[in-house]
Amino acid sequence: MTPAFDGTDQLHAALWAVRRGWHVFPTDHPALPHCVGVGAHHDPRACDLGNGKKRGKHPALAWGRMAAQYGDDLDEVTRWFTTDPRNVAIACKPSGLLVVDEDTPGAFARFAAAKGVTVPETFTVSTGRGRHYYFTNPANLGNAPKEFKGHGIDIRGGGGRDGGYVIGPGSLHSTGVIYTPDHPDAQVAECPDWLIDALGGHRAEVPAPVPGTPAARLDFPVLDQPRTRDHTRPIPAGERYQTLLSYAGRLRRSGLDYEEAEALFRARWERCEQPPGDERTWAESVATLKDVFDRYDAGTDLAQEHGQEVTDEPVADRLSVLRSLLVDSTGLDSIPDPEPIIDSVLFRDSLAWLHGKPGHGKSFVALDWAGSVATGRTWHGNAITRPGGVVYLVAEGVTGVRQRVRAWEDAAGAPMAGVRFLPVAVQLLSPTDRDAFVALVAELTPALVVIDTQARVTVGADENSAQDMGRLVAAADAIRDATTACVLLVHHEARSGDTLRGSTALEGAATTLIRVTKDGAAVRIDCTKQKDAEPFPPLLLRLVPRGAGAVLESHSGVGPGRELAPSDDKLLSAMRDSFGTTGATSAQLKDAAAVAKSSFYRSLNVLVTRGLLINTGTDKRPFYTLAGSTGPTAVPTGSNQSHGSTGDRSQVPHPSRGVADGTGSPRGNDKTPCRECGKPQRNAGGSPSCFDCRPHHGAA
């Protein structure tokens with residue numbers, strides 16, 4: 001019997017469609033202030049900037065796989081439609097439907113009349129502009145209009161990987177019209193042959209299994225019945241009580257009225273095996289349902305109450321889903337390219353780690369990303385290519401978040417709208433916390449999920465254990481699967497290392513790895529891994545106090561024009577002041593700069609990388625000069641040509657011979673005291689250091 005239609009809200013409309021055997025999923029709703037649609041080619045800003053006619057139609061999650069796998073699950077559907085308003089979409093492929101979308105009233109009937117046929121009686125829905133005609137889809141027809149092109153008619157069916165979808169009954173059109181079924185009790189008619197012909201298809205036959213091969217073929221012909229979970233599988237006598245109790249709990253958690261729940265519960269009871277002498281009567285079984293409804297409030301999770309895990313999906317159902325996801329070589333072209341959220345930095349549907357030492361500004365960077373993604377503001381020269389909501393899990397440093405957000409808003413001149421903060425250390429290795437958090441973010445469908453920090457959401461785990469960290473990765477993947485967001489985890493480094501602390505399983509799972517280092521006010525950001533794109537160049541920012549907090553400020557470009565960290569600047573100044581015309585070995589430069597050993601080598605690498613210092617020696621025996629300096633070049637021992645020089649060895653003055661000046665007399669015999677040892681100089685070639693103190697022949 002067809003359930004009664006209740007279009008008073010989207011939840012009832014969605015559950016009504018599920019009970020008809022259709023797979024549903026949530027889309028944007030015109031009543032929301034901003035479009036919540038997601039998708040590789042969808043820019044929510046286009047909806048918000050005046051293209052209002054499309055509001056209410058964009059999927060609010062990665063609908064293809066989610067609708068196929070969970071779109072007929074009462075629990076999951078209830079979660080999707082119990083928070084902010086969402087329209088109800090019906091996925092045609094898993095529902096076994098072909099829908100004729102008539103944008104111009106009467107267009108479908110006129111097309112049929114021109115062919116000398118009539119449109120059969122079927123289930124129809126009045127929309128904002130026309131009508132939807134629902135048919136079964138035995139020919140696996142897709143979305144191509146074929147002969148209907150130019151007649152004001154669109155087609156939605158089951159072709160391709162995901163098929164098409166239509167906005168279902170109970171949804172709100174952008175014009176304010178409610179999608180309403182003309183006759184809610186009407187049955188879906190079989191697709192007529194003339195419609196199949198007009199769409200260039202043919203009725204599929206169900207192939208018989210080939211001996212020695214799996215019964216299900218890889219070409220997956222669509223059958224007359226929708227592909228849903230097997231709700232007709234008999235329930236063995238030994239599993240009746242637990243199965244019915246679990247199902248009663250699921251019905252109570254869904255928030256259904258008792259009358260609605262009883263009808264579904266009876267259908268489940270009718271699947272129970274009843275061996276002679278061991279029958280479980282309807283009166284006994286329905287008493288279980290009544291007891292659950294009497295003892296527990298709507299929305300209660302009995303599995304959590306009793307500490308048990310309830311599973312109701314057989315292996316065969318999962319196998320069906322996996323088969324539907326198989327693709328061949330051609331099908332790989334349908335997999336979208338990596339879609340950036342922040343250009344070149346963070347990507348949609350990915351796992352990213354932001355790591356650094358304590359106090360090096362990791363949370364400032366993460367919060368800066370969150371604000372930019374949520375508001376669409378360019379992030380230090382990198383465009384926000386896919387703005388959207390952000391969920392920020394503040395598991396560490398809760399007390400300082402408000403000051404940092406206010407500082408960011410003051411600098412931006414706008415509120416950090418679109419970021420939802422959760423100041424709770426959700427334990428992602430706890431099944432209860434993990435599943436609740438996944439359900440929460442699935443409802444919000446953010447573009448970015450920030451978990452700050454990893455250590456505080458994995459309390460008690462062994463960071464060096466590949467097994468424990470594998471469970472964390474699985475939890476992060478569950479968040480990503482539910483939202484197609486970038487899931488960003490903020491993590492610490494080992495005290496003496498420069499990589500993620502703990503198991504290498506984290507690095508292996510990461511799409512993106514980004515390191516933050518801080519020297520004084522300077523904050524350097526380096527991309528050490530970008531799995532599907534080129535790592536972005538190093539970026540130097542500055543952490544500047546603002547009010548009670550601080551904000552990151554940009555410096556344009558990458559190179560000498562960018563601000564140096566204090567230790568970098570100190571080393572460069574020492575080079576200019578002491579060795580500007582002569583050059584120096586690393587040991588001489590370190591002594592002159594008087595900086596810590598760890599800072600010295602990091603700063604030296606920065607200056608060489610930016611081209612401010614040049615190694616004119618060798619890798620084993622380096623000798624550094626200022627960029628653009630005309631000072632001497634060290635000659636490596638045994639080499640016929642100096643490293644980095646453009647001439648042969650004869651062009652490099654030998655330190656013992658001097659260099660002829662304009663008079664042809666050798667220089668360097670003025671007996672000037674050596675600044676290193678104080679001895680009179682001999683044949684120093686004009687250098688302030690004597691022959692014994694200067695590096696020669698590549699010595700370092």
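Biologist: Which residue in S7 does Ile-90 stand opposite?
Modeller: This is a predicted model. In it, S2 and strand S7 (residues 165-167) pair in the antiparallel sense over three bridges. Across that pairing, the residue in S7 that stands opposite Ile-90 is Val-166.

Biologist: What is the bridge partner of Thr-27 in S2?
Modeller: Strand S1 (residues 23-27) also pairs with S2, antiparallel, over five bridges. In S2, Thr-27 has as its bridge partner Asn-87.

Biologist: How many of the residues of strand S2 (residues 87-91) are buried?
Modeller: In a regular strand, side chains alternate between the two faces of the sheet. On one side of S2, Asn-87, Ala-89 and Ala-91 are buried; on the other, Val-88 and Ile-90 are buried. Both faces are covered. The count for S2 is five of five.

Biologist: Which strands stand at the edges of the open sheet?
Modeller: Five strands form this sheet, in the order S6-S3-S5-S4-S8, with antiparallel pairing. Each edge strand has a single partner, so one side of each is left without a neighbour in the sheet. The edge strands are S6 (153-156) and S8 (180-181).

Biologist: At about what angle does helix H6 run to S3?
Modeller: Helix H6 (residues 107-114) lies across S3, strand S5 (131-136) and S6. Its angle to S3 is about 105°.

Biologist: Is Glu-409 buried or exposed?
Modeller: Glu-409 meets Arg-406 in a salt bridge (3.0 Å, N to O). Both lie in helix H14 (residues 398-412), three residues apart. Arg-406 is partly exposed at 46% relative accessible area. Glu-409 has a relative accessible area of 18%, and is therefore buried.

Biologist: Which strand holds Glu-553?
Modeller: Arg-542 and Glu-553 meet in a salt bridge (3.1 Å, N to O). Arg-542 lies in strand S18 (residues 539-546), so the pair ties together parts 11 residues apart in sequence; Glu-553 lies in strand S19 (residues 549-553).

Biologist: How many salt bridges does the structure hold?
Modeller: Some are linked: Asp-349, Asp-477, Arg-480 and Asp-481 form a network of salt bridges. The structure's total is 22.

Terms used. Residues numbered from 1 in each chain as written. Predicted model: local features only at pLDDT ≥ 70, side-chain atom pairs only at ≥ 80, totals over all residues. Heavy atoms only, no water. Pairing = 2+ DSSP bridges. Helix = DSSP H or I, 4+ residues; strand = E, 2+ residues; numbered from the N terminus. Contact = heavy atoms within 4.5 Å. Axes fitted to C-alpha atoms, helices over the stretch in contact; angles between N-to-C directions. Buried < 20%, exposed > 50% of the residue type's maximum accessible area, 1.4 Å probe, protein only. Salt bridge = Lys/Arg side-chain N within 4 Å of Asp/Glu carboxyl O.
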